[in-house]
Amino acid sequence: MSQHKSNGVVMKEHDDSLAAEEGDLVEDAEQARTPAVADEVLPDTLYLMPVPKRPFFPGQVQPVAISPQEWGSTLQGVSEAGHGLIGLSYVENAKPGDIDPRNFPEIGCVVRLHRPPGAPENAGQFLAQGVRRFRIVRWLSDAAPYLVQVEYPRNQGDKNADETKAYAMALIKEIKELLPLNPLYSEELKQYLANFSPNQPSLLADFSAALTTASGDQLQEILDTLPLRSRMEKVLTLLRKEREVAELQGQITSQVNEKVSDQQREFFLREQLKIIQKELGISKDDRTSDVEDFKERIAKLDMPDAAARRIDEELRKLSVLETGSPEYGVTRNYLDWATSVPWGVTSKDNLDLKHARSVLQTHHEGLEDVKERILEFLAVGSFRGEISGSILLLVGPPGVGKTSIGRSVADTLGRQFYRFSLGGMRDEAEIKGHRRTYVGAMPGKFVQALKEVEVSNPVIMLDEIDKIGASYQGDPASALLEVLDPEQNSEFLDHYLDLRVDLSKVLFICTANQLDTIPGPLLDRMETLRLSGYVAEEKLSIARRHLWPKQLKRHGLSEDQLKINDAGLKYVIDSYCREAGVRNLEKQLARIMRKSIVRLMESDDEKLRVGKKDIEDLLGKPLFQPDKPLRGLGVATGLAWTAMGGATLPIETSQIHTLNRGFKLTGRVGEVMSESAEIAYSYVVAHLKDYGCDLDFFDMSMVHMHVPEGATPKDGPSAGITMATALVSLARKERIRRPLAMTGELTLTGQVLPVGGIREKVIAARRGRIMELILPHANRRDFEELPDYLREGINVHFARNYREVFEFVFHEHRMEKALH
């Protein structure tokens, strides 16, 4: 039985089954079936006890649970009074020490105690019979035991009036409609009819109110209402609401039962079907079904002998394990992975070179040297009749198309493509798998890749290999050594499978932004292809042929609705997107699309044309201004390589004062670049006479050399000849009068050594509209290998020593023109 509990009195809810308590209280219920005490014998003083949750009504017979420790003195006072009557008032969450007389309502119900709590078999509860309403007149004791002076108000209204009878009939009708919805209501009704006559409208109204699950405040309002008609009207409203709630509950219960019944029916039918199939010999239990599924998979594969033996052992183990055991689940998962590896299953390569060239030209603009190298690789495979596994490394700035080239190679060969990123990977188990002893163990990424592509010769792209990490869990870069070694990966061992997997037919394509962070042994296993970035002309072609149509489709626009001319695209490229790749260019074009759509939606125009004059309105002020190479006394322009591509690097020198000799270098330069500056200073000071400089210039001069963009870290030896040229210009007091850029390492004896990144530096020079360059003579081969469109229009001087650099810069009439 559920009970409404408080620290004080606990009253049983009206709709709870009396179950065990009814057996003990049968005798008391029989005694309760007595007429109400006559008015003249009701006492004018009553001991008062609060009840929580719900008020008590006249005519109601119900057990009440109490705490003898807290209300023992009150019950003792009732016992001494001899009349066995006590007043019950509704006080929500009543605590004896915290109750204030103001918390008690004015109207309560006087009840007869049919079994005082002194009886040991029923300690802590008594059976209460509601007698009639009382009204508190005066408090005689405002501390427990509470004692009050009361009066007994009479019901207001004629119980024999036709309207009263009509309300009574309406109440009985509502009760009858409630009976089928909840059988507990019928028990309550039987109890009421056993004690009272249905022709008593006041008791009928009180009984009907007690029947509902209304809140305590709503029921107290019924108890406070003395006019009979008004009370019956309020009770009728509560009964109708109770019926609606009961009907809704019945509907919900019916729906739940229907679902449960359907599920039970399906379950029983399935069980019967299993029994029938078993009797007919056509059924299989879960274990037999799993074993047969694995055997079907194995029959389609061409497994090595070692793998076949190991899987047969696991199958025999699975066939004797109980399906509910943990070992069964572990073994089943192992067999699932082992039989999902495409042992001996390969796809046929498309070795048509014309098709390959067409795909590469369609998907990529520029990058001719990279395309040629890929075609050479495919040609060798075509000549041999198959393409064995190889490892290519594509190195270049972000956004130059490294990942998309990998996809194009897969499309060209007709192979499956799988890509995963190594950036931030710190656990070698991601490469070689977890051992089966761990909970949740899985194979490594390469076995997962083979399972997904379902062939053993896919193209697997390892993205961001230069950003791979290391931790206490192992070094993934070292784990990759076995994978990316053509001599070892034919027997790659995955820790989870504990089987040798052949990866020699996989074509691995790795991508990186720089080589510095790739371990040497790992780099040695890969063939490096450099993607240096795009010049403005290539970006324009890429934007026109690839990026703009792609963004039109993504934004749901047709080619007729929105157009942009070449002048607008060039302005976007030159003023907003000078990075080596085209990722930012694509973002800017998408931004133009969004803003253009807003204009189309807000105007009546169906088409929009974007030109150069519209770009600033759509993208804001330009991020880059036209490059103007720094010129002046003591200024020279160098070329630098960065992870984002090439860049021009001006070097400034100035004579600060003539008080003493000194040299100062600023611009956040690294250690190697700082040493290059010191070498250039020492070399120029030692050869002032050779270059026509004042021999005393540096003896009494404080010289300051600065590399602009001081917030950007810079390092490397390739600015040596640029620094020396800036110092010679300062000492000769002669400016460099034409756009000229240079790069090369300078030794203390004046030799010019080769440097790297020639392609990126040439692109940077073209971007800055500098068409005359000085490069180390040892880099002639690097320059001549550049595509024609990069070399076109550029005048290059190759220098073996600084004397030749000096002649090229300061004695133009002696220059030897280099071939393009």
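Trainee: What counts as a helix here?
Mentor: Helices are DSSP runs of H or I with at least four residues, strands are E runs of at least two, and they are numbered from the N terminus. This is a predicted model, in which local features need pLDDT of at least 70 and side-chain atom pairs count only at pLDDT 80 or more, while totals for chains, interfaces and linings use all residues. Residues are numbered from 1 along each chain as its sequence is written, and side-chain values use heavy atoms, leaving out hydrogens and water.

Trainee: Okay, where is Ser729 found?
Mentor: Ser729 belongs to helix H23, which covers residues 720-732.

Trainee: Is Ser729 buried or exposed?
Mentor: Ser729 is buried (under 20% relative accessible area, with a 1.4 Å probe and protein chains only; exposed is over 50% and partly exposed is in between), because its relative accessible area is 0%.

Trainee: And what is Ser729 in contact with?
Mentor: If we set aside neighbours within four places in sequence, Ser729 is in contact (heavy atoms within 4.5 Å) with Gly632, Leu633, Gly634, Val635, Glu734, Arg735 and Phe810. The ring of Phe810 also has the charged end of Arg732 over it, 5.3 Å from its centre, where the rule asks for NZ of Lys or CZ of Arg within 6 Å of the ring centre and within 35 degrees of the ring normal.

Trainee: Switching to rings, how many aromatic pairs are there?
Mentor: The search of the whole structure finds 19 aromatic pairs, meaning Phe, Tyr or Trp rings (for Trp the six-membered one) with centres within 6.5 Å, called stacked if the planes are under 30 degrees apart, edge-to-face if over 60 and tilted for the rest. Among them is the edge-to-face pair of Trp139 and Tyr146, with 6.0 Å centre to centre and 90° between the planes.

Trainee: What about Phe446 and Phe508?
Mentor: Phe446 and Phe508 also pair edge-to-face, at 5.8 Å centre to centre with 80° between the planes. That pair links distant parts of the chain, since Phe446 is in helix H15 (residues 445-453) and Phe508 is in strand E14 (residues 507-512), 62 residues apart. Phe446 is buried at a relative accessible area of 1%, and Phe508 counts as buried at 0%.

Trainee: Which residues do ring pairs link into a cluster?
Mentor: Ring pairs join Tyr418, Phe420, Phe446, Phe492 and Phe508 into a cluster.

Trainee: One last thing, at what angle do H9 and H10 pack?
Mentor: Helix H9 (residues 305-320) and helix H10 (residues 326-338) pack at about 150°, with their axes 10 Å apart, where axes are lines fitted to C-alpha atoms over the stretch in contact and angles run from 0 to 180 degrees between N-to-C directions.
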